[in-house]
Amino acid sequence: MDLMHFVFNLDQAISYDNQPVSMNLQYMFDFLKDNGHQLIFTSTEAVRNMLPKLDRRFHNEAMIGLDGAVICKNGELTQLSTFSSTEIDELQQAMQKYDATFLMEADWDYSYTGGQFHDIAQTLDRSLLAQNVKPTHLNNISRICILAADGMDALQREAEALGFYTKVTGEHAPTLTITPKKVNKWHALQQIGIAENEYVAIGSDLTDLAVLEHAEYASMIGYILELADYAESRLPNDEKVEKRIIDKCYELSKKYTV
């Protein structure tokens, strides 16, 4: 079989609590590359927050950020899903109506109105690589997160009535995410030329579902019911999880090296 692409979810899979990937995992990445395999990193976060988690020698590897809305390959950013200027105007009217606190994500810069004491403030741009600008200064917005509003449910209904995809996450402090259409990491993989069964995947959350579904070999960290049907193996999420990931990747590298 031809050499494989190795797809890793950075979020709580190989990078924990927003810390850089460990040296042991970096050595594993080097091993995979030395054996001819290609690396792809994915995240729910923006690319600017993926870079600090990886050593500079991996910054030209393919990265998929914002759950598939943005691709970075060889240092070049490409957006797969953006709002039109008319759509942004419609959404801003609704957001003003409900006095919404928000985070707008473009390909690199962002617009944030939550203030420095909001929980999300410390994770927006940990390495100070981008700028917090007014929405009118953002080009090609890919995602809007409503962090608070006087009527979150009503705002969600209005966004859906306008034809946008919405998702609510978090129990204690719900966040409403609005995107132009439902995008996912699998769509992004296809856009960079990766076909079904041409990669192996290490996944850790529901955003990996479509990635695991179309992989030649899929492994999930911990146990997530929705992923179980698509994972050939499970790596218990305990104090030995990093070693389990490394051992599994060495195993798969040998399996898929000609």
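**View 1. A contact between Gln 116 and Gln 122.** A polar atom of the Gln 122 side chain lies 3.5 Å from the backbone oxygen of Gln 116. A polar contact is a pair of N or O atoms within 3.5 Å; within protein, one must be able to donate a hydrogen and the other to accept it, and residues adjacent in sequence count only if both atoms are side-chain atoms. The model is predicted: local features need pLDDT of at least 70 and side-chain atom pairs count only at pLDDT 80 or more, while totals for chains, interfaces and linings use all residues. Residues are numbered from 1 along each chain as its sequence is written, and side-chain values use heavy atoms, with hydrogens and water left out. Gln 122 belongs to the loop between β7 (110–112) and β8 (143–148). Helices (H or I, at least four residues) and strands (E, at least two) are DSSP runs, numbered from the N terminus. With a relative accessible area of 57%, Gln 122 is exposed (exposed means over 50%, buried under 20%, partly exposed in between; 1.4 Å probe, protein chains only).

**View 2. The open sheet of 5 strands.** The strand order is β7-β6-β8-β10-β9, with antiparallel pairing (strands pair if DSSP finds at least two bridges between them). β7 and β9 (165–169) are at the edges with a single partner strand each, so one side of each has no neighbour in the sheet. From one strand to the next, the twist averages 15° (axes are lines fitted to C-alpha atoms, for helices over the stretch in contact, and angles run from 0 to 180 degrees between N-to-C directions). Between β9 and β10 (175–179) there are 5 bridges, and Val 168 has Leu 176 in β10 as its bridge partner. Helix α3 (85–97) lies across β6 (101–105), β8 and β10, at about 0° to β8.

**View 3. Helix α4 (152–161) and its surroundings.** Met 152, Ala 154, Leu 155, Gln 156 and Ala 159 are the buried residues of α4. These buried residues pack against α3, β8, β9 and β10 (contact means heavy atoms within 4.5 Å). Gly 163, with a positive phi near 100°, follows α4.

View 4. The buried residues of α8 include Val 241, Ile 245, Cys 249 and Leu 252. Exposed Lys 243, Lys 254 and Lys 255 are on the face turned away from the buried side.
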